[in-house]
Amino acid sequence: MVNVEKNNGAPASSLITEEKKFAGPWKVARKKLIRDKTAVFGGSVLLIIFITVLLAPILPIPNPDATDIGSRLQPMGTAGHALGTDELGRDLLSRLIWGGRASISIGILAVMIALAFGMVLGLVAGYFQKFYDTIIMRFIDILMAFPYILLAIAIIAALGPGLINTMIAISIVGIPYYARIVRGSTLQFREMEFVLAEKAIGASHFHIITRHILPNCMPPIIVAVSLDVGWMILAASGMSFLGLGAQPPLAEWGVMLSEGQKYIRMAPHLSLLPGISIFVVVLCWNLLGDALRDALDPKIK
């Protein structure tokens, strides 16, 4: 007779059931994403773009900053310049690829910074409440009282224009978004039985937060990140378009869009191509984010 009693007498079948119960939502979400055609499309396009911009240093493309005045404002399809050249004769395909490297990197890094600070603030406010909750959430309310564009412009004005300062500015603007999401989830889970049981046996606050509350906050955080990266890329490009972000001659989509508007009639592709690049990347992030939200939301069948 096979002994099925393990781990202090707990039946093996119950352990398997608990394991399936824990892994179930993620397995269901993965299956939903695979079946979602818009998610597959958005993810595939983003993957191709990521691979292209990551391989920019080794791709057989010209230097994005190399000028050739004799070949300035060449149209798309020109020999040696598949997407034409800009007002200084720089290869537009090369600048689009390197510009995507800058724009996407800034968007992702800004989200990671905002997430890190927002997650810590939200966990502390939601778990400890009282004094900490009051101080932190009043600070968040102050940040949210300003229109995000004006707040970002004010921070950049104080720090000075530049790509790094733009990343800092838009990440600060994004902190309240994540802080409120994490605080709401923490308030929901801190009173559940498994957390109260951990407190009863003397588990530390750090153990409870990192091992029980934070993992349960991950689904809404993942959805928020997937939806917010596109907004961060758009915000960084917008700051660069206004002359507050990346500065010429750096290849960045917002800078290219700003420089190309001067030649919109004689060479519309200078503005259209970076604009389309921003549109495609942001759209694909939103498609993937919407699909993640639907897959991870237990109320949506």
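User: Which element gives the most residues to the lining of the largest cavity?

Analyst: In this predicted model, the largest cavity is lined by Asp86, Glu87, Arg90, Leu92, Arg95, Met256, Glu259, Gly260 and Leu270. The elements that supply two or more of these residues are α3 and α9. With three residues, the largest share comes from α9.

User: How many charged residues are in the lining of that largest cavity?

Analyst: The space in the largest cavity amounts to about 50 Å³. Its lining divides into three nonpolar residues, one polar residue and a charged group. The number of charged residues is five.

User: At what angle do the axes of α9 and α10 cross?

Analyst: Helix α9 covers residues 253-260 and helix α10 covers residues 269-296. The crossing of the two is left-handed. Their contact involves Trp253, Met256, Leu257 and Gly260 of α9, together with residues of α10 including Leu270, Pro274 and Ile278. The axes come within 7 Å, and the crossing angle is roughly 150°.

User: Which element gives the most to the lining of the second largest pocket?

Analyst: The second largest pocket holds about 230 Å³ of space. Of its 13 lining residues, Ile49, Leu96, Ile97, Trp253 and Ser277 lie nearest the centre. At least two lining residues come from each of α2, α3 and α10. The element that gives the most, with five residues, is α10.

User: How many nonpolar residues are in the lining of the second largest pocket?

Analyst: This lining has no charged residues and two polar ones. The nonpolar residues number eleven.

How values were computed:
Residues are numbered from 1 along each chain as its sequence is written. This is a predicted model: local features need pLDDT of at least 70, side-chain atom pairs count only at pLDDT 80 or more; totals for chains, interfaces and linings use all residues. Side-chain values use heavy atoms; hydrogens and water are left out. Axes are lines fitted to C-alpha atoms, for helices over the stretch in contact, and angles run from 0 to 180 degrees between N-to-C directions. Helices (H or I, at least four residues) and strands (E, at least two) are DSSP runs, numbered from the N terminus. A crossing is left-handed if the near helix is turned anticlockwise from the far one by less than a right angle, and right-handed if clockwise. Contact means heavy atoms within 4.5 Å. On a 1 Å grid over the protein atoms alone, a cavity is a set of points where a 1.4 Å probe fits but cannot get out, and a pocket is an open set with protein on both sides within 12 Å along at least five of seven lines; lining residues have an atom within 4 Å of a point. Grid points are joined across faces, edges and corners, and a volume is the space filled by probe spheres set on the points. Ala, Val, Leu, Ile, Met, Phe, Trp, Tyr, Cys and Pro count as nonpolar, Asp, Glu, Lys and Arg as charged, and the others, Gly among them, as polar.
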